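Here is a walk through one model, sheet by sheet and helix by helix. Keep the structure open while you read.

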Amino acid sequence: MQNLMYTATEEIRRVVMEALGRLVASEVLPAEPLPPFGVEVPADRSHGDFSANVAMVSARALKMPPRKIAEAVLSELSLMDTHFERAEVAGPGFLNFFLAPNWYTDILVAVQAEGADYAHTALGNGRKVMVEYVSANPTGPMHMGNARGGALGDCLAAVLEHAGYDVTREFYVNDAGNQIAKFAASLEARYFQIYKGEDAVSFPEDGYHGDDIKERAKEFAAQYGDRYLNAPEEERRKALAAFGIEHNVKKLHDDLLKYRIEYDVWFRESVLHEDGELADVIALMKAKGAAYEKDGALWYAATRFGEEKDEVLVRANGIPTYFAADIAYHRNKFEKRGFDRVVDVWGADHHGHVARLKGAMDAIGVGGDRLDVVLTQLVRLTRGGEVVRMSKRTGKAISLDDLLEDVPVDAARFFFNLREANSHLDFDLDLAVEQSSQNPVYYVQYAHARIWSILKNLAAENIHPRACTPEEFALLSSTEERELIRHLGLLPSEIDEAAKAYDPARITRYVLELATKFHKFYNAHYVRGEDEPLMQARLNLCLCVRDVLKHVLDMLKITAPQTM
């Protein structure tokens, strides 16, 4: 698909290099190797649509003042067969380029011709990427970190798909190991308390104390009665854990579906134990000299791979650590399932685990550079300017389920993607439900609905959009019109940059800016006018904006209403 920002940049590189070649051939400039030069968009558009610093970076090699070099290059520039109408030298030697009307026309033509495929790029070239996100423990409800990570991970997966990657979305179910043993012991205590009374049965100090554990135990008792009271402990705990996990995983699935998150794969940690993959990776680490025994436990020799301290892989009691299972899990991703790259979305509290796991990938020969981790910072909920920590409904810490009771899914997904993952986020619960231009998601949706309203009102006058010629599109020459078209043309580049940086917030900000530029255009110009060709050009511009707004909102899984 066309990326006309990239096309324009490459045209500048081509004509500048051709001009330099002619200057060297005519001996105006010496034949010296030159460093790469940059092409950027100036902050002040009066300085041109693009600016090249070729003269600045070449001054030392050519032993000439930058401005003299720039003037020489300008004298040899040929803008034939490009999207530029002129160029000029500015300041100490910048070359500034000004776009011709045909560039703006080509953007509108591309948006209309490509339809839903507009802004799909080939950056990923079909490479297999897994995005693993949320992966909340099946021992309790999802918290705000999961809510932010869910929206961010899901939108990141969509961005990577649009950038040409073959994406798999995955949820990792931690249904094995020490935490599940603790989960089973907690359920067992609550199960006993149902029949023997709370005072008669002590609860594990390190157990899960939430009300959800009591609920799972009651549900288990309702289904099985006292059948497991006198069963062997291992059998009873296994049954309780399996029951609780299945119920909780279903709840996770249902809550995430409500949040518009659907996974391609729900991967169970227990599979790694049952299929022998965990044992295999431990044996591999021993064989590679990356593991050793000490004090009855098996340790990963992390210090041999640049870490500050070694880590336990298998405890003295024979139970593998979460870290050991994580190594096996990521080996499964790369070697068994063949992903070229894996992106994990984790909470900021996992910061110390990143280097350890990447180092372990190096230790087993997978390559830690193929693993990328996006860390999400904390979320602070506010209402009326005050920090909100507890749910009014449950009196407990606010879960994803609680949040979606208070705010629309559209607002939750949009707000969580307004800022980069590595920045703290204040989530204003009042603003999220406000129906005004102050609410960013409402503001964007209103732009989409406004265009539908324009079309409906004109249709009532029997005025309908028709195809426009390039000459008619060239009539869109005002500052507001060109800035709006230019922003439409930015989307393919924004998709690529968001994919490279693993930053879907770029796309949320893009669509917010698109809405802003549309409202400015609409407030400055009548769409309905006496000049039929100009009216049709503006109508087609509205159609392009409408379609791109919907395209981006669909990508973010946010609704694009026709009326508001």
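## The five-stranded sheet

Start with the open sheet of five strands, ordered β7-β6-β5-β11-β12 and paired in parallel. Strands here are DSSP runs of E with at least two residues, helices are runs of H or I with at least four, and both are numbered from the N terminus; two strands count as paired if DSSP finds at least two bridges between them. At the edges sit β7 (265–268) and β12 (371–376), each pairing on one side only. From one strand to the next the twist averages 25 degrees. Angles run from 0 to 180 degrees between N-to-C directions, with axes as lines fitted to C-alpha atoms, for helices over the stretch in contact.

Before going on, a word on the ground rules: this is a predicted model, where local features need pLDDT of at least 70 and side-chain atom pairs count only at pLDDT 80 or more, while totals for chains, interfaces and linings use all residues. Residues are numbered from 1 along each chain as its sequence is written, and side-chain values use heavy atoms, with hydrogens and water left out.

Strand β5 (residues 128–132) pairs with strand β11 (residues 341–347) in the parallel sense over four bridges. Glu132 stands opposite Asp344 in β11. Helix α11 (residues 322–336) packs on the sheet and touches β5, β6 (166–173), β7, β11 and β12, its direction making about 145 degrees with that of β11. Contact, by the way, means heavy atoms within 4.5 Å. Then there's helix α12 (residues 351–363), which lies across β11 and β12 and runs at about 175 degrees to β12.

## A three-stranded sheet

Another open sheet has three strands in the order β8-β9-β10, with antiparallel pairing. β8 (291–294) and β10 (311–314) are at the edges with a single partner strand each, so one side of each has no neighbour in the sheet. Neighbouring strands here are turned by 45 degrees against each other on average, direction ignored.

Four bridges join β8 to strand β9 (residues 297–300), and the two run antiparallel. Across from Glu293 you'll find Leu298 in β9.

## Two helix pairs

Helix α6 (residues 178–196) packs with helix α7 (residues 211–224) at about 60 degrees, their axes 9 Å apart. The crossing is right-handed, that is, the near helix is turned clockwise from the far one by less than a right angle, with anticlockwise being left-handed. Among the contact residues are Phe183, Leu187 and Tyr191 of α6 and Ile213, Ala217 and Phe220 of α7. By class, the contact of α6 with α7 has nine nonpolar, one polar and four charged residues. Nonpolar covers Ala, Val, Leu, Ile, Met, Phe, Trp, Tyr, Cys and Pro, charged covers Asp, Glu, Lys and Arg, and the others, Gly among them, are polar.

Helix α16 (residues 440–460) and helix α20 (residues 532–555) pack at about 145 degrees, with axes 10 Å apart, and this crossing is left-handed. Among the residues that meet are Val444, Ile451 and Leu455 in α16, and Leu539, Leu543 and Leu549 in α20. The residues of this contact divide into 13 nonpolar, one polar and two charged.

## The second largest pocket

α6 turns up again in the lining of the second largest pocket, where α6, α8 (233–258) and α9 (269–274) each supply at least two residues. The largest share, eight residues, comes from α8. By class, the lining has nine nonpolar, five polar and seven charged residues.
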